[in-house]
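My notes follow as numbered points, to be read alongside the model.

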Amino acid sequence: MIPFALPTIEDDDVAAVVDTLKSGWLTMGPKTIEFENQLKLFTGAKHVACVGSCTAALHLSLLAYDIGIGDEVITSPYTFASTGNMIDQTGARPVFVDVEKSTFCMNPKNIEKAITSKTKAIIPVDFGGQPCNYTAINKIADEYDLIVIADAAHSIGANHDGKSVGTLADATCFSFYATKTLTTGEGGAVATDDEDIADRIRLLRLHGISKDAWRRYEGVGTWYYQIEECGWKYNTTDINAAIGICQLNKFSRCYHRRFEIADMYTRAFCKLGDILPHTLCNNTNMWHLYPILVEGRDEFIKHMGSRAIGTSVHFIPLHLHPYYEYTYGYRKGDFPNAEWLFEREVSLPIYPRMTDESVQYVIDAVTEWYRI
Ligand SMILES: *Cc1c(COP(=O)(O)O)cnc(C)c1O
């Protein structure tokens, strides 16, 4: 059995969790601050605030920029629930624009047509591990005075035009969910160069309680706190942060292995026709996913299942889900490229723990399907 995804949890991760458990400090505290500082160095962003998930990161980023009722936010329909749902949760309207078939990312040419007097922000979604075209997106955002919040759940560590993810948007949201390239089990973070935004996210992630409140539990602290805004319970924990610090240490080794696997797939599948993922020449691809495009997708998934190979489909476009149909009136046919990709997309297993034998087994199963 080859599962679709497996995290790289090793002895150091286990030891770090045990140390944290024994330290007596379990929730957000010193390990979280250490992880945030390392993420700053890793991404090049001036500020990083860790939260409980990328979903929370997206929600708080929107709120920190005062986006809410009456506003519109332009985003991609080709994404997970979080992106659209968090726009909706603020009271703003998610305005989808179609994606490019080559990268699965929003086509910047579609953004300008979707801008109205109510548009406040753009949320590009970096699909599979490569960044969107931030050069073009930021140009539009500058011209129309819009905020850019990156959904970088797949792309931590990547570059676009030589700039690293975390510095390409006003705020960048990362996911440390179990299947992502850098995991803490559950977790997320916002990276930004704007100190006020980082401070507001730190306030909102813990009930709106003044930002150093957690220090009240330290010897030198006091019992006093103030609720400055009505916030959320979106903090992370030191148990998660301890794993994150270990994962950052091994990130380049893990990336190197993902890259090797992607290379093996690409060399094997290029003979099978135009089924391969495309990486643009000014992007690096972190290979969170290896998406191929298959005619007869559902049969192909059954075939892979019969060979005990786990696969997945990314994503069911948001505009096809009932909530988005009955709330916003989106319909099948609205975003043809997203629908075309969705009908064909299959994500193959790609993770550092895969052996060469497993990769070859997947290659053989895919090749076999094309011969049948
Ligand atoms: C995984 C994912 C998220 C949500 O991440 P969580 O940390 O689970 O909240 C958001 N956007 C995209 C594109 C994702 O793949």
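1. A word on the basis first. This is a predicted model, in which local features need pLDDT of at least 70 and side-chain atom pairs count only at pLDDT 80 or more, while totals for chains, interfaces and linings use all residues. Residues are numbered from 1 along each chain as its sequence is written, and side-chain values use heavy atoms, with hydrogens and water left out.

2. Let us begin with the ligand.

3. A polar side-chain atom of T55 is 2.5 Å from a ligand oxygen. For H154, a side-chain N or O atom lies 2.6 Å from an oxygen atom of the ligand, and for S175 the corresponding distance is 2.7 Å. The protein covers 92% of the 390 Å² of accessible area that the ligand has on its own; such areas come from the Shrake-Rupley method with a 1.4 Å probe, and for residues only the protein chains shown count as cover.

4. Where does the ligand sit? The space that it takes is the largest pocket. On a 1 Å grid over the protein atoms alone, a pocket is an open set of points with protein on both sides within 12 Å along at least five of seven lines. A molecule sits in a pocket if more than half of its atoms lie within 2 Å of the grid points.

5. Helix α3 (residues 54–64) would be my next stop. Helices are DSSP runs of H or I with at least four residues, strands are runs of E with at least two, and both are numbered from the N terminus. Because 10 of its 11 residues are buried, α3 is largely enclosed by the rest of the structure. Buried means under 20% relative accessible area, exposed over 50%, and partly exposed in between (1.4 Å probe, protein chains only). The buried residues include C54, H59 and S61. At the N-terminal end, S53 caps α3 with a side-chain oxygen 3.3 Å from the backbone nitrogen of T55. After the helix comes D66, with a positive phi near 60 degrees.

6. Please look at the loop between β6 (159–160) and β7 (163–164), where G162 is placed. G162 counts as exposed because its relative accessibility is 66%. Its C-alpha atom is 8.0 Å from that of N283, 121 residues away along the chain. D161 is in this loop too, and has a positive phi of about 50 degrees although it is not a glycine. With 44% relative accessibility, D161 counts as partly exposed.

7. Two further backbone details are worth checking. H207, in the loop between α7 (195–204) and α8 (238–249), has a positive phi near 65 degrees without being a glycine. H207 is partly exposed, at 36% relative accessibility. A cis peptide bond joins H314 and F315, with omega about -5 degrees. F315 belongs to the loop between α10 (297–306) and α11 (322–328).

8. Which backbone oxygen lies 3.1 Å from a polar atom of the side chain of N110? That of D98 does. N110 is in helix α5 (residues 108–114) and counts as buried, at 19% relative accessibility.

9. T119 is in strand β4 (residues 119–123) and has 7% relative accessibility, so it counts as buried. Its C-alpha atom is 13 Å from that of G91, 28 residues apart along the chain. I363, in helix α13 (residues 356–371), is buried with a relative accessible area of 6%.

Methods. A polar contact is a pair of N or O atoms within 3.5 Å; within protein, one must be able to donate a hydrogen and the other to accept it, and residues adjacent in sequence count only if both atoms are side-chain atoms. On a 1 Å grid over the protein atoms alone, a cavity is a set of points where a 1.4 Å probe fits but cannot get out, and a pocket is an open set with protein on both sides within 12 Å along at least five of seven lines; lining residues have an atom within 4 Å of a point.
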